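Please look over the sequence and the 3D structure below.

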Amino acid sequence: MEDHKDTKIRGYLPSPNTDVDSPDYPSDYREETAAEIAAPVPIARPAFQERSKSGEGTGAKAGTGMGWAALALSILSLFVMPILFGAAGIVLGFVARRRGAESLGAWAIGIGAISIIVGIFILPFF
């Protein structure tokens, strides 16, 4: 059973083959595309050095909050759940170092690693 609207529209559409005008191609023209209209957009982001030269996220201000959070997690891991909080402190420490807080990130990484080592090898004996 065909739709009457479909047969009416089919007569007005040109066929995919330009040499033949045949109305037997009902589903070839029912898709919507916009690739021809939209211009390609570059997805590349500037590197960290280029961003710091331009002024956005410069110095230790960009990673200071992350560094303090990493250090707090690493110190907390000395007392509660050393594996979980120590690993989170280490990961946040690396992120803080990448964002410019070198010393805070290094301390967080060191304390988190010590907490994990103590938690795995020493605490089970107590």
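Leu-76 has a relative accessibility of 37% and therefore counts as partly exposed; the term covers values between buried, under 20% relative accessible area, and exposed, over 50%, with a 1.4 Å probe and protein chains only. Leu-76 lies in helix α3. Helices (H or I, at least four residues) and strands (E, at least two) are DSSP runs, numbered from the N terminus. This is a predicted model, in which local features need pLDDT of at least 70 and side-chain atom pairs count only at pLDDT 80 or more, while totals for chains, interfaces and linings use all residues. Residues are numbered from 1 along each chain as its sequence is written, and side-chain values use heavy atoms, leaving out hydrogens and water.

Leu-76 also belongs to a nonpolar patch on the surface, together with Ile-75, Leu-78, Phe-79, Val-80, Met-81, Leu-84 and Ile-114. The accessible area of these residues together is about 780 Å². Such areas come from the Shrake-Rupley method with a 1.4 Å probe, and for residues only the protein chains shown count as cover. A patch is made of residues with over 30% relative accessible area and no salt bridge; like charges are joined within 9 Å, and nonpolar side chains (Val, Leu, Ile, Met, Phe, Trp, Tyr) within 5 Å.

The protein chain as a whole has 5 helices and 0 strands, in the order α-α-α-α-α along the sequence. It has 126 residues, of which 21% count as buried. The chain exposes about 9700 Å², and carbon and sulfur atoms supply 65% of that area.

Helix α3 has 17 residues, and its end C-alpha atoms are 25 Å apart, which agrees with the 24 Å that it should span at 1.5 Å a residue. The expected span is 1.5 Å times one less than the number of residues. Which residues of α3 are buried? They are Gly-63, Gly-67, Ala-70, Leu-71, Ser-74 and Ser-77. These residues lie on the same side of α3, because they cover an arc of only 120° around the axis; the arc is that of the directions from the helix axis to the C-beta atoms. On the other side of α3, Lys-61, Gly-65 and Trp-68 are exposed. The cover over the buried residues of α3 includes α4 and α5.

Helix α5 runs through residues 102–121. From first C-alpha to last, its 20 residues reach 29 Å, close to the expected 28 Å. Its buried residues include Leu-104, Ala-108, Ile-111 and Ser-115, and their cover includes α3 (61–77) and α4 (82–98).

Ile-111 has a relative accessible area of 18%. Leaving aside neighbours within four places in sequence, Ile-111 is in contact (heavy atoms within 4.5 Å) with Leu-71, Ser-74, Ile-75 and Leu-78. Its C-alpha atom is 9.4 Å from that of Leu-73, 38 residues away along the chain. Ser-115 is buried, at 2%, and touches Ser-77, Leu-78 and Pro-82, residues up to four places away not being counted.

Finally, the structure holds 1 salt bridge, a side-chain nitrogen of Lys or Arg within 4 Å of a carboxyl oxygen of Asp or Glu. Its partners are Arg-97 and Glu-102, at 3.1 Å from N to O. Arg-97 is partly exposed at 36%, and Glu-102 is partly exposed at 42%. Side chains of opposite charge can pair when their charged atoms come close.
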